[in-house]
Amino acid sequence: MMEVCPPPIIAGQRENPVAQKRILLLSVVPPNSRYTGGIMLHSMCQSLNADNLSCFSVLNPRMKAEMHPDFEGIAYKAVRRPREANVRHLPGRLGSLECFFKETYIANVTIPKLAQQVREFAGQTKPDLIFCTLEGQTMIRLADQIQKTLPLLMVTQVWDPPEWWLRSNSVDGWSRSSILKTFSSVLKNSAAVAAASPAMAEAYSREHGARAIAVVPGLPRSWAKQSATRLNDGNNLVIGFGGQMYSKDEWDQLLATLDALDWKVEGRDVEIIMLGREFELEGFNKRNIRYLGWRDQIESIEILSQCDILYCPYFFDRELESTARLSFPSKLTTYLAAGRPVLLHGPEYSSPYRFLKENDAGMLCHGLSKSAIANALSRLVYDTDSYARLAGNGYRAFVENLTDEYMRLQFLKTLSMASDSRGSSK
Amino acid sequence: MSQFRIVQVGATDVEGARFNGQELHQKLIQRGIESSQVVWRKRGTDDTTYEMFSGALRSKIDQTAAKLERDLSLQSLLSPLAFEFAKHPQFKAADLAHYHLIHTGFFNLMALPGLTQLKPSVWTLHDPWAMTGHCVHPFDCTRWKEGCGSCPSLDNEFSMKRDNTRLMWRIKQLAYCMSDFDLIVCSKWMEGMVKASPLMKKARLHRIPLGVDLNAFQPGDSQAKKQKLGVYPGNLVVALRATTSIYKGLPHAIECLRKLDTKQPLTILTFNQKGLFEEFFGKYQIIDLGWLESTEEMIDAYQSADIFLMPSEGESFGMMAVEAMACGKPSIIFDGTALPETTFAPEYGVSVRKGDSDALAHALKGLLENESKRLSLGEKGRKLAVQHYGEKEYVDRVIALYTDVLARRGSKASAGGKSASPLA
């Protein structure tokens, strides 16, 4: 087993004066154990006093997000989120115009109504500050309205740059430009910003004048598996994949490579194990892929720890460059906790690539070609020293940067920064 | 040493630092010489490198001029901003201006007479574009010796929609005729071209081969570097630059690898563009390093290589072959360019007939199967690099040229009653 560094000492989080503040969570999902955002929110909120919390969720009607039992007693209101994906019924520019009118209506009619509801809720719960997650155009616009009409400090959290969201929801160019301007203004007017990665914190401080700190999704240290020192015995090579499948091009290229290799790497038969929900299953039966469905995180880590390699694809598409640069895939945290080497398949400028490179904690594949993928897979099989080193460094990187303790510490730092900003403004 | 102030002029700073004057600029500063660099587009963070102009208006003018040049089939003629360079503080403060790659779209050839009259000027030619009607390398075409026109290869870089090559040739002739500069070329091959060019009759010509940092580029632990780059154990490594540039011979490299008949497990290690050798997936291991930002990465690549393949069809010097030499790796090259001279073929470089991929494959197979030959060529290469391509000697020679040029212009200026240069 690898020698590991001691855990960071983070004690008395709830005794922190910031943790005693009355905080209104304004989010797309309440703290829960089902969705990535909700899990993260739940974990962060554990450092706060539940008696001082309230939550206003603007929920996607398709989501079945219930409040986590830990926070069942808090003041909670959930409202329906307006549809953010744009289905265009008209072709070309007319379709853009249709989308523009819809977005304009939401911005000028729906959002003010939502903002009024938030103000009324805040009037009842009397928070000291608002913690708002900026996911999607609704939350960006809502945060802007609240900042302008409520004399409260606001701390904002960004999981993904909005460019990605607006693109994947087919928002027209005029609305997109206006939303991005609003986003910039919200960041600037936030007392502090919890960014998804160090790269995002750096970029938003520089580009928007935000006071940003990286708050990367974390998991309990106790869930982590000791790092493996070698591949599993036997004649198989098991590649694990968990979480959302957003990097489809990269995934397809992995499958194409394995097809070209006849699903054999260095003499081992390759098998893929997939965990998660909502995969496109077409064609899977032709390949050596086992789909295990959604599992909770502890079970996911357990299953992934029994694989040989954990595959983490990230966007090469230049149109998604800002997302690749600034976001941080939460699956990477889970993978590193599983104690097996991560194969990061993404561009050199992407934030997970940089993180793993800095920590020498993953096999890095920065090409989309079959050769690049095959080289990386092969190396993890034949280069036993690298296998053990990367798994060990991955575990260390998890303990040092990606535990929930560390995340909560960063979260409290963000809240403290917001409180300080009030002090300094006075 | 007498002190003088130099401004290096190029298209950009970081990318192609050896050819844009950035590396030379840094070496001059290390020698205690006041040097600055002025570039069209600054990408790096060096405090002594300046952008020629900045702002939105610059971009607008730039784009408009570039579009007009494309539409009218003209080159480096319509940007009005190059004339403004005379007012740049770094230009004004300098005793001598050293021009590098000024043909990449930002410059105006007609600014050259004025600028070279204002300041003593040195111009390094890294390729033959200055002597042709449009192309960077004329290959076997000889029309550049006769005034161009009726161009047989308008599509070659820098391409033209209409054949204005004769006009461009005449404009160059006029611009050079009214200018006063010293030319640097890096090889006898280029020297021969300049001497054969009717455009450069007035030019004062100096041959100064580029140098490399022989302490950085040197033989190293090949096995360790192979492991670092993920070369399969036991494989021999053929390194090459992968680019679709018509000058670098990509089709010949591909054809050579198709024809190569060897049982030796092989890794093709490429730098620059990715994915160009993917057809060999399954036959050879392909490692695409992509664009290498740092010298260290380049050195890793050379040191891990067993053979450097450089089938360029247009090469005015061949810096990469020199770097491979300095790292003690044998190179296989084509004749008909500067490469046989630069690599001292056949003493070190293995030169085959230009365009002959069979000969290339044969030479590659020969070296793959003969370890002692690879090693002895590598050793010779290192020795030759030490003898001929030291960076210190290169910088010494450039400084000596600056001194001569300034002395000459200084005495001319004194004779004309103008203020003398600091060296006069």
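## A:Ser305 and its helix

In this predicted model, A:Ser305 belongs to helix α8 of chain A. Is A:Ser305 buried or exposed? Its relative accessibility is 12%, which lies under the 20% limit, and A:Ser305 therefore counts as buried. The side chain of A:Ser305 reaches the backbone oxygen of A:Glu302 at 2.7 Å. When residues up to four places away in sequence are left aside, A:Ser305 touches A:Lys225, A:Ala338 and A:Arg340.

Helix α8 of chain A covers residues 297-305, and its buried residues are A:Ser300, A:Ile301, A:Ile303, A:Leu304 and A:Ser305. An α-helix has 3.6 residues a turn, so residues three or four places apart point the same way. Among the elements that cover the buried residues of α8(A) are the strands β8 (236-242), β10 (268-275) and β12 (309-313) of chain A, together with the helix α10 (330-337) of chain A. The N-terminal end of α8(A) is capped by A:Asp296, which has a side-chain oxygen 3.2 Å from the backbone nitrogen of A:Ile298.

## The two domains of chain A

Chain A is divided into two domains: domain 1 takes in residues 13-218 and 404-425, and domain 2 takes in residues 221-401. Taken over C-alpha atoms, the centres of domain 1 of chain A and domain 2 of chain A are separated by 30 Å. The contact between these domains brings 24 residues of domain 1 of chain A against 20 residues of domain 2 of chain A. The size of an interface is often given as the accessible area lost when the parts come together. For domain 1 of chain A and domain 2 of chain A, about 1700 Å² is buried, and carbon and sulfur atoms account for 57% of it.

How many salt bridges are counted between domain 1 of chain A and domain 2 of chain A? The count is 2 salt bridges. Separately, the side chains of A:Asp317 and A:Arg167 meet in a salt bridge, at 3.5 Å from N to O. Across the interface of domain 1 of chain A and domain 2 of chain A there are also 4 residue pairs in polar contact, with both residues at pLDDT 80 or more. On the side of domain 1 of chain A that touches domain 2 of chain A, at least two residues each come from α1 (36-45), α4 (162-168), α6 (198-208) and α14 (404-425) of chain A. The largest share of that side is supplied by α6(A), with 5 residues. By class, this side of domain 1 of chain A has 13 nonpolar, 4 polar and 7 charged residues.

## The two domains of chain B

Chain B is also divided into two domains, with residues 5-211 and 391-415 in domain 1 and residues 222-388 in domain 2. Their centres, taken over C-alpha atoms, are separated by 30 Å. In this chain, 20 residues of domain 1 are in contact with 15 residues of domain 2. Domain 1 of chain B and domain 2 of chain B bury about 1500 Å² between them, 60% of it on carbon and sulfur atoms. Of the area that domain 1 of chain B buries against domain 2 of chain B, B:Arg18, B:Phe139 and B:Trp189 supply 36%, more than any other three residues.

The count between domain 1 of chain B and domain 2 of chain B is 1 salt bridge. On the side of domain 1 of chain B that touches domain 2 of chain B, α1 (17-20) and α8 (188-196) of chain B each supply at least two residues. The most comes from α8(B), with 3 residues. The residues of this side divide into 9 nonpolar, 5 polar and 6 charged.

## Where the chains meet

The contact between the chains takes 15 residues from chain B and 15 residues from chain A. About 1100 Å² is buried between chain B and chain A, and carbon and sulfur atoms give 46% of this area. In chain B, the residues that lose the most area to chain A are B:Tyr232, B:Lys274 and B:Phe281, together 46% of what that side buries.

Between chain B and chain A the count is 0 salt bridges, while 11 residue pairs are in polar contact, both at pLDDT 80 or more. Two or more residues of the side of chain B that touches chain A come from each of α9 (222-229) and β10 (285-288) of chain B. With 4 residues, β10(B) gives the most to that side.

Technical notes: Residues are numbered from 1 along each chain as its sequence is written. Chains are lettered from A and ligands numbered from 1 in the order in which they are written. This is a predicted model: local features need pLDDT of at least 70, side-chain atom pairs count only at pLDDT 80 or more; totals for chains, interfaces and linings use all residues. Side-chain values use heavy atoms; hydrogens and water are left out. Domain bounds come from an automatic or database domain assignment. Contact means heavy atoms within 4.5 Å. Buried area is the accessible area (1.4 Å probe) that two parts lose on being put together, summed over both. A salt bridge is a side-chain nitrogen of Lys or Arg within 4 Å of a carboxyl oxygen of Asp or Glu. A polar contact is a pair of N or O atoms within 3.5 Å; within protein, one must be able to donate a hydrogen and the other to accept it, and residues adjacent in sequence count only if both atoms are side-chain atoms. Ala, Val, Leu, Ile, Met, Phe, Trp, Tyr, Cys and Pro count as nonpolar, Asp, Glu, Lys and Arg as charged, and the others, Gly among them, as polar. Buried means under 20% relative accessible area, exposed over 50%, partly exposed in between (1.4 Å probe, protein chains only).
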